[in-house]
Amino acid sequence: MIRQHILVALVQDRPGVLNRIASTLRRRNFNIESIAVGHIEQPHLSRMTIVVEGDDANVEQVRKQLDKIIEVIRIADITGENPVAREMAMIKVRATPSTRSEIIQIVDIFRANIVDVSPDSLILVVTGTQDKVDTLIELLRGFGIREMSRTGTIALPRGGSGPLTIEEHKPLRHAVEQAPPEEEILPDW
Amino acid sequence: MIKTGAEILCECLIKEGVEVIFGFPGGVLLPLYDTLPRYPQLRHILVRHEQGAAHAADAYARVTGKVGVCLATSGPGATNLVTGIANAYLDSVPLLSITGQVPTHFIGKDAFQEIDITGITVPITKYNQLVLDVDDLARSVHEAVHVALTGRPGPVLLDIPRDVFQARTEYIHPDKIDLPGFKPKLFGHPAQIKKAADLVNSAERPVIVAGHGVNIARAYAELKELAENAQLPVVTTFLGIGCFPESHVLSYGWLGMHGMGYANKAIHNADLLIAIGMRFDDRATGGVSTFAPQARIVHIDVDAAEIGKNLKVEVPIVGDVKNVLQVLNKQIVKRDHIGWLSQLDDWRAQHPATEVRDHEGVLPQYIIRQIHEATKGDTIIVTGVGQAQMWAAQYFFYDKPNSFVSSGGLGTMGFELPGAIGAKVGCPHETVWCIAGDGGFQMTVQELATMVQEDLDINIAVFNNGWLGMVRQWQELIYNKRYFGTQLYNPDFVKLAEAYGMKGVRVSKKIDVRPAIHKAMEHKGPFLIEFVVEPEENVYPFVPPGKTIVEFLEMPSPLGSLKK
């Protein structure tokens, strides 16, 4: 089944990481719908949220390929975990004295903010799910959108800890794996 | 102690156990080449083209199990490595490429001989890095070698600007690796291994498919124990050749497009495949939807991304095959599989794939068999890519691990000569035979000079059929003999050898084949034999592309009767 997948990755802040990730996705013919990168609470680490479309098996295959990139510390497909996913858009819309109040009404309904006003336009900022942002853009289209900038989706899984949560007692340190004791139950293969 | 970047690089390489560097100098490498003579522990072998350096280091790594090191200057030197790096990537070879780069203040300015080699090699390296600070150099070398050798091996590249070679810093050898994202799983999950053991113990028609991973992990003893305990027939992949002795009663050849018919039939009729360190490449599986239709599959591989990539498997086990087999072997019950094995023996009798037919002319298959007899199988065979490669794989019997060195995944013509150099340098006490076609030989022919300069005792067999034989064969069989772009005008190979300062003979009669082989082996130093072979000989069996592996074509009988 082809659907949208949200991959989240914890990566080392090193030059070339984004290049390697993009190259791996390109090679497998995935179109990146959006990619968002930013620092996290730990130093020298970044978190990426990558939205791609594909069937489950192909996305799982590419997730494994991405996991092999040395600078990728952890990567997970959180699509099935009902994550909180949001994006942000800044929209500069044409606004004349006759349309301005109507636009402001729409902005209020969507709980967007107006951050700049000029005689013939407004800049508004909206945060929300991809659907919400899409709907707002559709509604504003009739007034004339002069310029627009959207971030990619960022997402966090719900609940206390997710696949990328760094546990305080388990520092991120590489060590060569030791043989497990025979009866130890390891996580999934 | 304060040292220059060039000195630190040399010290680090020595610490990592490197003994040989295959290299070619250039402008930005001058500070390093000015330093290398002070480290005589690092033998520098000057190649004639950087592609040769990469292939030689690749073959060196395959035969020794150590990291192979090649060195090239910035720009064209670096790009000339690319084919060799790709070759190592597809065949999982631990190759460390070191490239010089323009000084840091020139980077990004399209300076003379500047190219973004770390960008270019992103898709064909496991790891690469542009080292911008001399303080990072020692750590980078240590990490790169660790990554190259650990888990599924692969090529790594370090790009070092000229001023980093010249900069000075306090040298402290890093003893720790801190790569939190590098987490190869080396030990299989015990529950999965248990499931695999249950399947092996209950299978009626099991087959082991042993791949390059067994050679890489040096798990020959474990594989043999598994096969013998449960009386499991062993089929290898093309790159798995040698990981299980081919003279063993349980050895049933190798599978795939030019594999043995009986090996393919065994796979096709099996009810269980125990796939060990292999990746279900399309040349091995043929049409993947009809591959092993009755088989449940246990797949053991150190690379999780290989499992489930090309086909669905029932029991995936991620781990180093040596470790996994050690645990698995403890859970295997003794079986005999008499009926199944005798079925396989019948198929082997029906589809003899390694018999040399009676023929007056010089058959390439005959030459390979004579080399096998003359060396008693005790040699390293290094091949190029094409017909000669396939005959070398089919008509020589490999009993020794890593005695067959060939470009499998990338299929790189021109691998043979530099590959033979790497194999001989890595195993100086072994005899080395380079099996070359007339096409591939001319792709890296300049490395003859390297062999002569280093006085390497390498025997070269050039199969001169005047064609790019494998392509000609496809044009014959699939494109209705519309030959185009495949006929070769060849130089006089013997004169060519002599021009390079090595001995050479030409053989165009069957009766001269054996004496020439013995002459080459008695000669100390490089020796070339040009065999003028049957021009339109084909490689059989042959599974046409897209067909199921049991739909193989065999040698048509009018060509000559089979010698039983």
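Helix pairs, domains and contacts in a predicted model

Helix α18 (residues 416-426) and helix α20 (residues 447-454) of chain B have axes that come within 9 Å and cross at roughly 25 degrees. This is a predicted model, where local features need pLDDT of at least 70, side-chain atom pairs count only at pLDDT 80 or more, and totals for chains, interfaces and linings use all residues. Residues are numbered from 1 along each chain as its sequence is written, and chains are lettered from A and ligands numbered from 1 in the order in which they are written.

Q: Why are α18(B) and α20(B) called roughly parallel?
A: Their axes cross at roughly 25 degrees. Angles under 35 degrees count as roughly parallel, over 145 as roughly antiparallel, 65 to 115 as roughly perpendicular and the rest as oblique. Axes are lines fitted to C-alpha atoms, for helices over the stretch in contact, and angles run from 0 to 180 degrees between N-to-C directions. α18(B) and α20(B) are therefore roughly parallel to each other.

Q: What is the hand of the crossing of α18(B) and α20(B)?
A: The crossing of α18(B) and α20(B) is left-handed. A crossing has that hand if the near helix is turned anticlockwise from the far one by less than a right angle, and is right-handed if clockwise.

Q: Which residues meet between α18(B) and α20(B)?
A: B:L417, B:P418 and B:I421 in α18(B) meet B:E447, B:L448, B:T450 and B:M451 in α20(B). Two residues are in contact if their C-beta atoms, placed from the backbone, lie within 7 Å. By class, the residues of this contact are five nonpolar, one polar and one charged. Ala, Val, Leu, Ile, Met, Phe, Trp, Tyr, Cys and Pro count as nonpolar, Asp, Glu, Lys and Arg as charged, and the others, Gly among them, as polar.

Q: What makes α1(B) roughly parallel to α7(B)?
A: Helix α1 (residues 5-15) and helix α7 (residues 134-149) of chain B pack at an angle of about 20 degrees, with axes 10 Å apart. That angle makes α1(B) roughly parallel to α7(B). The crossing of α1(B) past α7(B) is right-handed. B:G5, B:I8, B:L9, B:C12 and B:L13 of α1(B) make the contact with B:V134, B:L137, B:A138, B:V141 and B:H142 of α7(B). Eight of these residues are nonpolar, two are polar and none is charged.

Q: Why are α11(B) and α14(B) described as roughly parallel?
A: Helix α11 (residues 220-230) and helix α14 (residues 321-329) of chain B pack at about 30 degrees, with their axes 9 Å apart. They are therefore roughly parallel to each other. α11(B) passes α14(B) in a left-handed crossing. On the α11(B) side are B:E222, B:L223, B:E225, B:L226 and B:N229, which meet B:K322, B:L325, B:Q326, B:L328 and B:N329 in α14(B). The classes are four nonpolar, three polar and three charged.

Q: How do you know that chain B is as compact as a globular protein of that length?
A: Chain B has 23 helices and 20 strands. Helices (H or I, at least four residues) and strands (E, at least two) are DSSP runs, numbered from the N terminus. The radius of gyration of chain B is 24 Å, close to the 24 Å that the globule rule gives for 564 residues, so chain B is as compact as a globular protein of that length. The radius is taken over C-alpha atoms, and the rule is 2.2 Å times the number of residues to the power 0.38.

Q: Where do the domains of chain B lie?
A: The assignment gives domain 1 (2-170), domain 2 (190-350) and domain 3 (364-539). Such bounds come from an automatic or database domain assignment. The C-alpha centres of domain 1 and domain 3 of chain B lie 29 Å apart.

Q: How many residues of domain 1 of chain B are in contact with domain 3 of chain B?
A: 23 residues of domain 1 are in contact with 26 residues of domain 3. The largest share of the domain 1 side, eleven residues, comes from α3(B).

Q: How many residues of chain B are in contact with chain A?
A: 24 residues of chain B are in contact with 23 residues of chain A. The chain B side divides into 16 nonpolar, five polar and three charged residues.
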